[in-house]
Amino acid sequence: MPTGRVKDFAGILFVLLSSLVLTYNITQRIDVVATDDDVYFHNGLLATWQKLPPIQMAPLFSAWYLFIHRFTGDTITTYYVSCTLLSILPGLLFYFLFRSLKIGALVSAALSICFLFCQLNLPLQPKVSVFTMLFLMGGLIAANYQTKPVAKFTVAALSALLAAYGRPEFFLSFLLLCGLALAYYFWQRRRTTQPLPYALFGVMGAAALLVIAFGSPLAGGRSVVAFGQHFALNYSVWHPEIPASPWMHSGTFIKHGFGREVTSLSDAFFLNPPLFIRHLSTNVLNLVLITSHNLVDMLVTPWLSRLVFPGRRYVLGLLFLALVALINWPQTVRSAWHHMKQTGWYWLCLAVMLLSTYISCILIFPREHYILFQIPLYLSLAGIFLQSVVFRPVPVPAVPWPAYYAAFGAVLLIFLAPFWRLANEPKPTPTVDLLRFLQKLPVQGSISMTGNTPLMYDLYLGDNWQFWYLERYHPTNMQSFFNEFKVNCIHVRPEMLEIYRKDPFFAQLVANPAALDFVRYNTSKPDQYVLVQQQLPSVVHTPHPH
């Protein structure tokens with residue numbers, strides 16, 4: 001086997017080993033959380049050929065969930081399988097992306113592993129951004145292996161088109177990449193005879209048919225809703241005296257700042273230009289701060305956190321200065337610049353792809369699942385720099401490449417050891433525990449429930465379940481609230497007991513459920529239980545002891 005393939009085999013093995021450690025025992029330490037992914041998952045479960053998910057609501061991601069669900073048959077299991085795959089695949093694609101840029105196998109593996117264990121991978125929610133990034137990275141990898149610029153643009157445009165059905169803003173990237181491909185083709189045609197770009201025309205034709213059949217991914221007004229929610233987030237920081245949640249009551253903040261609801265981003269600008277510009281400038285500052293924090297957390301913190309000893313700051317400072325002194329900076333810079341020029345088309349495709357994400361971060365808000373798309377840019381730059389580093393001549397004996405790989409493997413085992421210990425320590429999963437408990441309740445028919453923390457429970461329990469969140473309605477009279485929404489199931493939590501302890505109806509319900517025709521079911525949490533109305537069609541209720 002050629003040496004290059006052996007190195008790649010080792011590099012992929014390092015990444016896969018790290019992925020195993022990252023996702024090991026995931027169901028015992030990662031809980032189900034409420035995100036926009038629930039909507040996409042639910043859309044997939046309800047989808048038929050007559051009723052497809054809205055084109056602006058990540059239909060490809062809905063299809064992803066539906067595909068996995070065909071094999072699992074259980075929504076909670078589907079959630080965990082999806083989470084596992086979407087935590088492993090980015091590391092592998094990062095490795096292949098770096099290798100397509102002619103970055104060495106060890107550097108590619110190290111950077112990929114750094115991403116695997118950062119906060120923008122497994123912990124990140126919603127996962128639709130990770131799913132979408134896979135299309136972009138796959139397109140960039142394929143484009144790097146094309147020899148002609150028009151072919152590079154075409155492949156990148158195809159990946160952006162697919163990404164647009166995960167995140168609609170990438171339809172803008174698709175249009176720009178197609179425009180660049182056409183412009184370059186006609187420019188080249190003026191100089192020499194060029195064959196027609198049939199692949200490009202095919203991609204553009206497919207996009208046109210999709211738009212005609214299902215509409216544009218950019219339509220639908222999602223940007224206005226997203227702007228409202230995230231403007232409310234900024235405005236709540238500037239005006240903490242407003243007693244409302246920016247997520248659940250964004251309209252309150254919009255009206256407070258702009259005088260009324262806004263119909264578009266331009267409408268917001270003309271209603272109050274200084275406030276709109278303050279929102280943008282705050283987002284730019286947050287973009288720099290959040291990106292810097294995540295890059296340090298990704299590339300520096302995991303390694304330095306393993307080095308704990310007296311005087312660490314001074315020893316590491318001296319080692320850093322020694323390393324800086326050993327680098328031949330002029331030659332390193334020339335080498336890095338030469339490498340970037342050789343891969344110039346990659347940087348152009350990547351910049352066009354990411355343009356929409358920077359626009360979103362500045363106009364809407366630099367949330368981490370938006371910043372995620374920009375990480376390939378920063379890690380690619382880091383990879384090219386590390387690959388281009390040239391040291392000053394130092395009299396050291398030559399070391400064969402297998403020794404470097406063995407040393408890397410040893411360091412990797414030291415790096416992974418704490419993560420492996422954590423993976424074997426179960427953590428509380430209260431939401432999954434509650435879902436499993438509710439699945440086992442002997443009830444049928446229409447269930448109207450309250451008391452839960454916000455989550456799309458019907459996704460996991462069935463469409464016969466409806467939920468009315470107290471955090472949204474803030475009822476002042478629990479009996480009226482129960483009657484209005486025909487509540488027949490209550491998840492009683494300590495927070496609920498504290499807030500509504502003075503409500504006469506709720507106090508009576510808690511003290512004597514049977515008097516109001518409810519039965520108590522104890523959960524695995526001693527301070528939580530579920531009350532179910534006897535009138536629900538069900539197996540005969542067997543009250544649990546208090």
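This is a short chat about a predicted protein model.

Visitor: What kind of model is this, and how are residues numbered?
Guide: The model is predicted: local features need pLDDT of at least 70, side-chain atom pairs count only at pLDDT 80 or more, and totals for chains, interfaces and linings use all residues. Residues are numbered from 1 along each chain as its sequence is written, and side-chain values use heavy atoms, without hydrogens or water.

Visitor: How many helices and strands are there?
Guide: The protein has 26 helices and 5 strands. These are DSSP runs, numbered from the N terminus: helices are H or I with at least four residues, strands are E with at least two.

Visitor: How much of the protein is buried?
Guide: Of its 546 residues, 47% count as buried. Buried means under 20% relative accessible area, exposed over 50%, and partly exposed in between, with a 1.4 Å probe and protein chains only.

Visitor: New topic. Is F320 buried or exposed?
Guide: F320 is exposed, because its relative accessible area is 52%. F320 lies in helix α15.

Visitor: And how do α10 and α11 cross?
Guide: The axes of α10 (residues 222-238) and α11 (residues 250-258) come within 8 Å and cross at roughly 70 degrees. Axes are lines fitted to C-alpha atoms, for helices over the stretch in contact, and angles run from 0 to 180 degrees between N-to-C directions. So α10 and α11 are roughly perpendicular. That label covers 65 to 115 degrees; under 35 is roughly parallel, over 145 roughly antiparallel, the rest oblique.

Visitor: Which residues make the contact?
Guide: Among them are F227 and Y235 of α10 and F253 and F258 of α11. Contact means heavy atoms within 4.5 Å.
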